[in-house]
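Please consult the sequence and the structure shown below while reading.

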Amino acid sequence: PAEDVEDASEPTKRDRSHLENTLKLNEDKPADDFSGVLQRLRKIYHASIKPLEQSYRYNELRQHEITDGEITSKPMVLFLGPWSVGKSSMINYLLGLDDTPYQLYTGAEPTTSEFTVIMHGPKLRTVEGIVMAADSARSFSPLEKFGQNFLEKLIGIEVPHKLLERVTFVDTPGIIENRKQQERGYPFNDVCQWFIDRADLIFVVFDPTKLDVGLELEMLFRQLKGRESQIRIILNKADSLATQELMRVYGALFWSLAPLINVTEPPRVYVSSFWPQEYHPDTHKDLFLKEEISLLEDLNQVIENRMENKIAFIRQHAIRVRIHALLVDRYLQTYKDKMTFFSDGELVFRDIVEDPDKFFIFKSILAKTNVSKFDLPNREAYKDFFGINPITSFKLLSQQCSYMGGCFLDKIEKAITRELPDLLGSIGLGKKPNVLSCDITGCGETPKNRYRKP
């Protein structure tokens with residue numbers, strides 16, 4: 001462990017060349033210029049998705065408002081896990097911050113009590129959370145809604161590092177199993193959910209000595225539902241165990257996580273030791289190094305595919321907004337059908353909200369529209385939603401049309417089925433969206449979309 005290393009002899013540091021090679025930190029090639037694609041993406045969002053989102057107050061259902069800062073932001077890598085498993089040490093190691101004034105504080109006790117955002121900047125400096133939230137150009141302005149107590153626990157560190165030109169890291173407070181939410185003074189789970197919703201890669205870090213899964217960790221995995229493809233499990237400090245012990249711990253980790261991640265394809269688990277000291281002698285150095293390189297390749301893949309991921313993310317958001325609008329429309333239609341001159345509107349609507357299945361609200365959406373039943377939101381969520389937003393404050397979808405602007409629903413459907421897939425296709429062409437050559441596109445023909453079956 002790290003605490004025992006402080007003896008007279010200086011511990012030997014590991015060679016970092018594999019880090020630089022895998023993450024291409026030495027290459028001077030200019031970053032891809034995706035400004036044209038981002039402009040088109042923003043345009044599609046504002047013209048075709050946002051009107052429906054605002055009209056049916058989607059943000060109050062999912063608490064997910066997309067800002068321009070978010071559309072243009074870099075990929076975000078989120079580090080989660082119990083306290084003292086080496087999350088901060090791992091970030092220090094990846095960025096080579098050890099022994100610099102800006103290394104993240106690490107130790108055996110719970111040390112990180114803040115959400116720390118490590119981002120690129122021209123010189124080393126710290127940015128207060130209140131400043132980050134006030135700056136609308138950054139993607140963190142929506143965090144203001146979690147209150148001043150939280151903003152005091154949010155901190156940004158700007159580092160002039162090549163890797164941070166392409167990605168942002170977020171270090172989170174360790175999960176402490178026997179602590180109550182209230183003791184943190186801000187809605188910890190809601191804040192985690194905000195970051196989870198926006199992360200391109202989520203590293204859940206464990207340490208061989210802390211595998212007990214308690215309530216807070218269980219809650220966290222419930223929040224990660226639906227994001228399985230972004231999750232990577234890291235069994236850190238693996239060189240502190242003998243081989244046989246390590247295999248036992250690896251099995252135990254899977255055993256305790258299995259009930260929490262019920263997907264057919266389990267997340268990838270990386271077993272290594274992510275910090276700058278040499279691996280312990282007599283451990284599987286080769287294996288650990290290979291695992292580390294795999295993890296770096298994974299990270300690099302996310303950076304390379306950032307535009308595809310961004311478009312896919314906006315498209316997924318559009319699909320959710322569309323489903324929400326169809327559902328509100330259905331609730332409203334049912335309400336109008338059931339209302340007579342003598343009925344009490346409140347009672348009629350309470351009946352519908354309490355038991356939507358009696359009125360086939362969710363079933364009719366599945367039957368009439370190409371929506372997967374796995375994409376339908378929770379029925380309970382609509383009780384709360386309509387508790388705040390009275391049904392009579394909405395218009396039917398058929399009334400959300402104008403002569404010049406067309407219909408909201410048609411526009412969002414066009415964005416989902418045509419505009420966003422076409423934008424995705426245009427990136428696939430030699431990865432240079434601004435200089436589309438006629439050889440590739442046949443000039444004038446619509447770009448082929450690799451993601452749509454012919």
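## Residue Glu-60

Is Glu-60 buried, partly exposed or exposed? In this predicted model, Glu-60 has a relative accessibility of 37%. Because buried requires under 20% and exposed over 50%, Glu-60 counts as partly exposed.

Glu-60 belongs to helix α3, which spans residues 58-62. Beyond its neighbours within four places in sequence, Glu-60 is in contact with Phe-385, Ile-388 and Asn-389. Although Glu-60 and Phe-385 are 325 residues apart along the chain, a distance of 7.0 Å separates their C-alpha atoms.

## Helix α15

Helix α15 comprises residues 379-388, and Tyr-382, Phe-385 and Phe-386 are buried in it. Viewed down the axis of α15, the buried residues lie within an arc of 90°, so they line one face of the helix. As a general point, an α-helix has 3.6 residues a turn, so residues three or four places apart point the same way.

The buried residues of α15 are covered by elements that include α3, α12 (306-338), α13 (345-354) and α14 (361-368). On the face turned away from the buried side of α15 are the exposed residues Asp-384, Gly-387 and Ile-388.

## Strand β2

Strand β2 covers residues 115-120; five of its six residues are buried, so the strand is largely enclosed by the rest of the structure.

Strand β2 runs parallel to strand β4 (residues 154-159), to which six bridges join it; here His-120 stands opposite Val-159. With strand β5 (residues 168-171), β2 pairs in the antiparallel sense over three bridges. Phe-169 in β5 is the bridge partner of Ile-118.

Conventions: Residues are numbered from 1 along each chain as its sequence is written. This is a predicted model: local features need pLDDT of at least 70, side-chain atom pairs count only at pLDDT 80 or more; totals for chains, interfaces and linings use all residues. Side-chain values use heavy atoms; hydrogens and water are left out. Buried means under 20% relative accessible area, exposed over 50%, partly exposed in between (1.4 Å probe, protein chains only). Helices (H or I, at least four residues) and strands (E, at least two) are DSSP runs, numbered from the N terminus. Two strands pair if DSSP finds at least two bridges between them. Contact means heavy atoms within 4.5 Å. The arc is that of the directions from the helix axis to the C-beta atoms.
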